[in-house]
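Good morning, colleagues. Please turn to the sequence and the structure on the screen, and I shall take you through selected parts.

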Amino acid sequence: MSDMMTTQAGDAGAFRNFDLSRVPTPCFVVDEKAVERNLRILADVGTRSGAHVLSALKAFSMFSLAPLVRQYLGGTCASGIYEARLGREEYGGEVATFCAGYKDADMAEILSLSDHVIFNSPAQKVRFLNQAKAAEVQVGLRINPEHSEGEIPKYDPCAPCSRLGTPVSQLTADALDGVDGLHMHTLCEQGFAPLHSTWEAVAPKLKPFLAQLKWLNFGGGHHITRDDYDREGLIAFIKGIRETYDIEVYLEPGEAVALDAGILVGEILDLPTNGMKLAITDISATCHMPDVIEAPYRPALMNEAKAGHTYRLGGPSCLAGDVIGDYTWEQPLKIGQRFAFLDQAHYSMVKTNTFNGVPLPTIALWNSDTGDLKIVKKFGYEDFKERLS
């Protein structure tokens with residue numbers, strides 16, 4: 001298994017040897033060999049456990065790597081009509097679609113694209129059940145296990161008054177009429193223990209219904225490709241469920257597909273001072289890394305020093321809160337200097353925006369084995385303008 005080990009989230013890995021001047025800024029650079037390393041691990045878990053492993057497009061949908069993903073995983077999971085179409089057109093395999101609320105106008109196309117359609121409530125299930133059955137698409141219902149393992153309430157689907165999933169205490173025979181499987185997505189960047197604890201809490205409540213189901217989908221949030229993840233525990237857990245209940249198991253990793261596989265390269269634009277050293281960069285938290293503000297979180301800086309010269313980094317937008325954080329270099333910064341944030345492949349390019357007309361980052365694909373570099377997409381004025389016409 002040594003060739004299938006991965007590094008901790010935020011580890012520079014092969015990017016320590018990447019020449020930041022090779023790309024324009026700002027730029028997402030994804031290492032296809034790091035993605036393949038993660039895919040090998042996920043495929044191994046699927047093979048040994050018997051689970052269906054799908055790639056979550058909401059986290060990482062860089063479809064130039066779809067042929068690589070196809071080699072290792074069984075398909076994709078989508079969060080709506082556009083991701084379902086992308087999954088069907090570019091990735092192949094199974095497509096499992098979940099949305100908190102479906103529109104009548106979209107359902108025919110969603111059904112034509114999907115193998116599983118998962119509903120958020122019994123009411124939505126009833127509304128579209130006949131249409132789904134006529135299309136020979138399997139029907140799922142998302143449940144809320146009413147057991148929280150999340151550390152941040154904003155990202156906890158089991159938080160009080162959550163809109164995501166049917167509370168397990170409300171499950172009835174009528175609610176499950178016509179349902180082929182249950183879906184639960186309760187984790188966020190977590191190891192195996194929280195999944196096991198969730199199952200221990202919810203299994204007694206599901207036991208009366210499991211015999212009538214074809215599958216269980218444990219969603220995403222599993223950091224399976226992190227080197228300290230208990231993969232042997234996960235494999236034994238899945239095998240136990242499959243054997244005990246004669247049921248198929250699905251996993252939908254997103255971050256795990258692209259963990260430690262990308263960087264975001266930026267450039268220092270200005271170095272003002274106001275109570276402390278400041279640095280204006282062409283990377284915007286607001287436009288390029290909104291999770292910095294929404295989560296919030298502090299992205300890891302490649303080669304950050306433990307002591308030296310500390311600067312507060314912020315973006316070029318007019319938002320006063322467009323601040324990335326305080327970072328330290330051994331030597332004073334210079335105008336035009338390049339730098340990079342780590343672990344920027346997942347939940348990054350899928351969330352960018354053009355507020356203030358700030359340009360979108362270029363997307364580049366790098367092969368850390370061969371050194372080959374390809375500019376996959378460079379955005380321009382038209383990408384900004386066409387969203388507003």
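Predicted model: local features only at pLDDT ≥ 70, side-chain atom pairs only at ≥ 80, totals over all residues.

Which residue takes a positive phi in the hairpin of strand 17 and strand 18? The residue is Gly371, with a phi near 85 degrees, and the hairpin has six residues between the strands.

Strand 17 comprises residues 362–366, and strand 18 comprises residues 373–377. The two run antiparallel and are joined by four bridges. Within that pairing, Trp366 stands opposite Leu373 of strand 18. Strand 17 also pairs with strand 1, residues 27–31, through five bridges, and here the strands run parallel.

How many residues of strand 17 are buried? Five of the five are, so the strand is largely enclosed by the rest of the structure. In a regular strand, side chains alternate between the two faces of the sheet. In strand 17, Thr362, Ala364 and Trp366 lie on one side, Ile363 and Leu365 lie on the other, and both faces are covered.

I turn now to helix 7, residues 231–245. At 1.5 Å a residue, its 15 residues should span 21 Å, and the end C-alpha atoms are 21 Å apart, which agrees. The buried residues of helix 7 are Arg231, Gly233, Leu234, Ile235, Phe237, Ile238 and Ile241. Their cover includes helix 1, helix 6, strand 10 and strand 11. Just after helix 7, Asp246 takes a positive phi of about 50 degrees.

Next, the helix pairs. Two packed helices are described by the angle between their axes and the distance between the axes. For helix 1 and helix 7, the angle is about 35 degrees and the axes are 9 Å apart. Their crossing is right-handed. Helix 1 contributes Ile41, Val45, Arg48 and Ser49 to the contact, while the residues from helix 7 include Leu234, Ile235 and Ile238. By class, the contact residues are five nonpolar, one polar and five charged.

The second pair is helix 4, residues 104–113, and helix 5, residues 122–134, which pack at an angle of about 35 degrees with their axes 10 Å apart. Helix 4 passes helix 5 in a right-handed crossing. Asp104, Met107, Ala108 and Leu111 of helix 4 meet Arg127, Phe128, Gln131 and Ala132 of helix 5. This contact has five nonpolar, one polar and two charged residues.

Thank you for your attention.

How values were computed. Residues numbered from 1 in each chain as written. Heavy atoms only, no water. Buried < 20%, exposed > 50% of the residue type's maximum accessible area, 1.4 Å probe, protein only. Pairing = 2+ DSSP bridges. Expected span 1.5 Å × (residues − 1). Contact = heavy atoms within 4.5 Å. Axes fitted to C-alpha atoms, helices over the stretch in contact; angles between N-to-C directions. Left-handed = near helix turned anticlockwise from the far one by under 90°. Nonpolar A, V, L, I, M, F, W, Y, C, P; charged D, E, K, R; others polar.
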